[in-house]
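Trainee: I'm new to this one. Could you walk me through how to read a few features?

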Amino acid sequence: MICAVCNREGRGFGFIPRLARLCGPPEAACSMTCLDTIARWRRTMIDPTPNEITAMEHGGQMGGEYLDSIAKTNLAALSPEQWQTFVEAVITGYCDHLRDLAGRDRGRLDGMAGEVPF
């Protein structure tokens, strides 16, 4: 079987939609990373990772800072342009912080490479 995400050879990972009460054919995956991607495509993974939670908090802070800068607290009172800027602040804050956390994790993992006994 071929991985549904990256087209590499599947290696025993797979997603069976009916087990999650969804429709569709089973999909093969080559790794947990690709399996996670398939599950996200199917919107079945609902528990955020610790990094995602931290990034959500950061994105929320960025949105709050924008609202403070325009002295508004009622989202319904925002103009379309203000709403767009607010959403952009939240999403950009989330994505940038998630990338930053991933970079820190990568550095930590790379630092451990010499410690692996095999």
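Trainee: Where does A71 lie?

Mentor: Quick ground rules before that. This is a predicted model, where local features need pLDDT of at least 70, side-chain atom pairs count only at pLDDT 80 or more, and totals for chains, interfaces and linings use all residues. Residues are numbered from 1 along each chain as its sequence is written, and side-chain values use heavy atoms, with hydrogens and water left out. Helices (H or I, at least four residues) and strands (E, at least two) are DSSP runs, numbered from the N terminus. Now, A71 sits in the loop between α2 (50–69) and α3 (80–111).

Trainee: What is the phi of A71 near?

Mentor: Most residues other than glycine have a negative phi. A71 has a positive one, near 55°. N7 also has a positive phi, near 70°, and is found in the segment before β1 (13–15).

Trainee: Is A71 buried or exposed?

Mentor: Buried means under 20% relative accessible area, exposed over 50%, and partly exposed in between (1.4 Å probe, protein chains only). A71 counts as exposed because its relative accessibility is 70%. N7, at 59%, counts as exposed too.

Trainee: How many disulfides does a search of the whole structure find?

Mentor: A disulfide is a covalent bond between the sulfur atoms of two cysteines; here the cut-off is a pair of cysteine sulfur atoms within 2.5 Å. The search finds zero. For C3, the nearest cysteine sulfur is that of C34, 3.7 Å away. For C6, it is that of C30, 3.5 Å away.

Trainee: Is C3 buried or exposed?

Mentor: C3 counts as buried, at 1% relative accessibility, while C6, at 33%, counts as partly exposed.
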